[in-house]
Amino acid sequence: MVLQLEPLHTCNLTCTGCGRIREYSTSLKDMVPLEDCLKAAVDCDAPMVSICGGEPLIYPKIEELVAGLRAQGRIIYICTNGVFMRKKMREYMAAHYSPDLEHRLQRLVAENLVTEKEADAIRHSDGAAKHKAVIVPSKWMYWNVHVDGLEFTHDLIVEREGVFKECVAAIRMAKILGYQTATNTTVYKETDVEELEDMFNYLSSLNVDGHTISPGYDYDAAKKDMVKRLGKKPEDFFLTRAMTIKKFSRIQEWGRLFTIFGTPVYQEFLAGKRDLTCTAWAIPTYNIKGWKAPCYLMTDGHYPSYREMLDQVDWEKYGVVDGVARDPRCENCMVHCGYDPSGALGTNYQPGDNWKNFKYNFWPRPAAIPFSAELEKRAFNGASIGKGHLAEAKAAINSPAASARGAFSRNESQTGGFGNGSCGSAESAERDQLLARIETARNSDPAA
Ligand code: SF4
Ligand code: SF4
């Protein structure tokens with residue numbers, strides 16, 4: 001149904017908890033050649049291709065990749081952290097500039113999304129800029145921007161202030177230029193559901209075309225061992241199935257209020273109203289090492305072709321069936337890439353499912369929430385108002401009374417999720433390293 005294509009794992013960010021840049025840390029400089037990317041799409045023949053990574057806009061042939069996939073007739077999602085989007089869209093304008101584009105360009109300048117200098121460069125682009133391959137707006141292509149919460153939470157997760165602001169600027173610019181724009185969000189143990197609703201309201205007011213949302217899930221053998229040996233409760237470490245169901249108890253309502261991509265059957269599963277069996281093979285991942293099995297999250301091997309992966313993996317070993325985990329690592333998993341296709345493919349079909357899925361996806365979409373200054377004020381609750389994570393780090397380090405843990409361990413009332421929707425499973429142990437870094441800085445230089 002969807003190919004998760006990872007042409008590279010290099011990234012301009014180092015988000016707390018990014019699974020991808022760690023799992024593939026030894027091959028960060030490697031890239032999948034363009035021809036192999038296009039061949040992989042033909043190989044599994046999925047109608048949709050999600051180009052992820054790493055940061056796909058760093059891939060030197062991203063424009064050619066998008067054009068090649070479009071020539072194959074595929075729907076494309078570019079899963080990006082948003083930082084390079086405006087640059088790519090300026091390149092599009094420089095290549096396609098004509099007086100027809102002028103009014104949009106002036107609007108972009110008026111809204112501070114393009115500087116006067118950049119606008120002039122677009123108007124007077126040289127031959128090289130005019131002939132450069134670019135990513136053009138298309139109803140078959142989406143920018144899919146990673147947003148895991150409002151400003152404070154998002155910047156904290158990506159470990160860089162200003163990224164949320166840049167994502168919003170890129171989304172606004174994309175909408176003015178006629179691109180389709182979606183967002184992807186991962187929900188973790190710490191995710192504050194109310195903040196997510198605020199985030200959806202704000203994104204809807206920016207006319208974002210849709211959202212993917214998935215529970216994150218971090219399996220960690222060491223934590224499992226702690227559960228077993230030390231008798232700790234799983235919910236202290238994992239986003240268990242019960243916790244996921246609690247977090248997603250309002251998912252069906254969100255599906256009515258916002259354009260949440262996917263199937264209502266999967267939403268019923270997330271809300272704990274029915275069971276599904278994982279169909280991880282329906283959203284396969286291809287990267288520098290080949291076809292990754294069994295799924296986007298777990299790696300038990302890589303295969304040279306999609307067919308070999310299908311034939312050689314013992315799929316009966318994975319997933320949860322009738323409440324019993326076939327593999328202990330699957331026990332708490334309800335992720336989008338494993339179960340949303342199950343909802344579409346009818347693996348646990350119930351009468352009316354097809355009609356429900358059809359109606360949900362082809363009926364008119366929910367109306368956008370009207371933009372308001374109040375919504376925007378709530379969205380920019382971090383660096384923009386002097387409450388960035390660096391400011392908090394400084395405060396934590398400077399104040400003997402303020403423990404670093406107090407400043408940085410987030411609870412349900414403070415934060416959004418830790419993880420990502422575009423780049424793989426997150427590792428919550430990373431948070432402990434973040435705390436440790438603060439502690440080390442404080443111990444080595446109390447005046448810092
Ligand atoms: S989560 Fe995505 S944006 Fe963040 S470091 Fe990983 S690949 Fe980069
Ligand atoms: S249940 Fe989840 S972790 Fe297990 S194979 Fe399916 S998608 Fe992967």
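For sorting residues by class, I count Ala, Val, Leu, Ile, Met, Phe, Trp, Tyr, Cys and Pro as nonpolar, Asp, Glu, Lys and Arg as charged, and the others, Gly among them, as polar.

**Entry 1. Basis.** I am working from a predicted model, in which local features need pLDDT of at least 70 and side-chain atom pairs count only at pLDDT 80 or more, while totals for chains, interfaces and linings use all residues. Residues are numbered from 1 along each chain as its sequence is written, and chains are lettered from A and ligands numbered from 1 in the order in which they are written.

**Entry 2. Ligand 2.** I looked up the shell of ligand 2, taking a residue as near if its C-beta atom, placed from the backbone, lies within 6 Å of the molecule. I found 13 residues around ligand 2, the closest being Cys278, Cys295, Cys330, Cys333 and Gly338. By class, this shell holds 10 nonpolar residues, two polar and one charged.

**Entry 3. The chain as a whole.** I took helices (H or I, at least four residues) and strands (E, at least two) as DSSP runs, numbered from the N terminus. The chain has 21 helices and 11 strands. I called a residue buried if 20 or more other C-beta atoms, placed from the backbone, lie within 10 Å of its own; of the 448 residues, 43% are buried.

**Entry 4. The sheet.** I let two strands pair if DSSP finds at least two bridges between them. Nine strands make an open sheet of mixed pairing, in the order 6-5-4-3-2-1-7-8-9. Strand 6 (210-215) and strand 9 (299-303) are the edges; each has a single partner strand, so one side of each lacks a neighbour in the sheet. Direction ignored, neighbouring strands are turned by 25° against each other on average.

I then followed the pairing of strand 1 (residues 2-5). Two bridges connect strand 1 with strand 7 (residues 285-287), and the two run parallel; glutamine 4 has threonine 285 as its bridge partner there. Strand 1 also runs parallel to strand 2, with four bridges between them, and valine 2 is opposite methionine 48. Four bridges likewise join strand 2 to strand 3 (residues 75-80), again parallel, with valine 49 opposite isoleucine 76.

**Entry 5. Helices 8 and 9.** Which angle do helix 8 and helix 9 make where they pack? Helix 8 (residues 151-158) and helix 9 (residues 163-177) meet at about 110°, with axes 8 Å apart; I used lines fitted to C-alpha atoms over the stretch in contact, with angles from 0 to 180 degrees between N-to-C directions. Helix 8 is therefore roughly perpendicular to helix 9, the term covering 65 to 115 degrees. With contact meaning C-beta atoms, placed from the backbone, within 7 Å, I listed Glu151, His154, Asp155 and Val158 from helix 8 and Val163, Phe164 and Lys165 from helix 9. Three of these contact residues are nonpolar, one is polar and three are charged.

**Entry 6. Helix 16.** Is helix 16 mostly covered or uncovered? Helix 16 (residues 336-345) is mostly covered, with eight of its 10 residues buried. I noted His336, Cys337, Gly338, Tyr339, Asp340, Pro341, Ser342 and Gly343 as the buried ones. Their cover includes strand 1, strand 6, helix 14 (264-270) and helix 17 (353-362). Just past helix 16, glycine 346 has a positive phi of about 75°.

Terms used: Angles under 35 degrees count as roughly parallel, over 145 as roughly antiparallel, 65 to 115 as roughly perpendicular and the rest as oblique. Two residues are in contact if their C-beta atoms, placed from the backbone, lie within 7 Å. A residue is buried if 20 or more other C-beta atoms lie within 10 Å of its own, exposed if 12 or fewer, and partly exposed in between; C-beta atoms are placed from the backbone.
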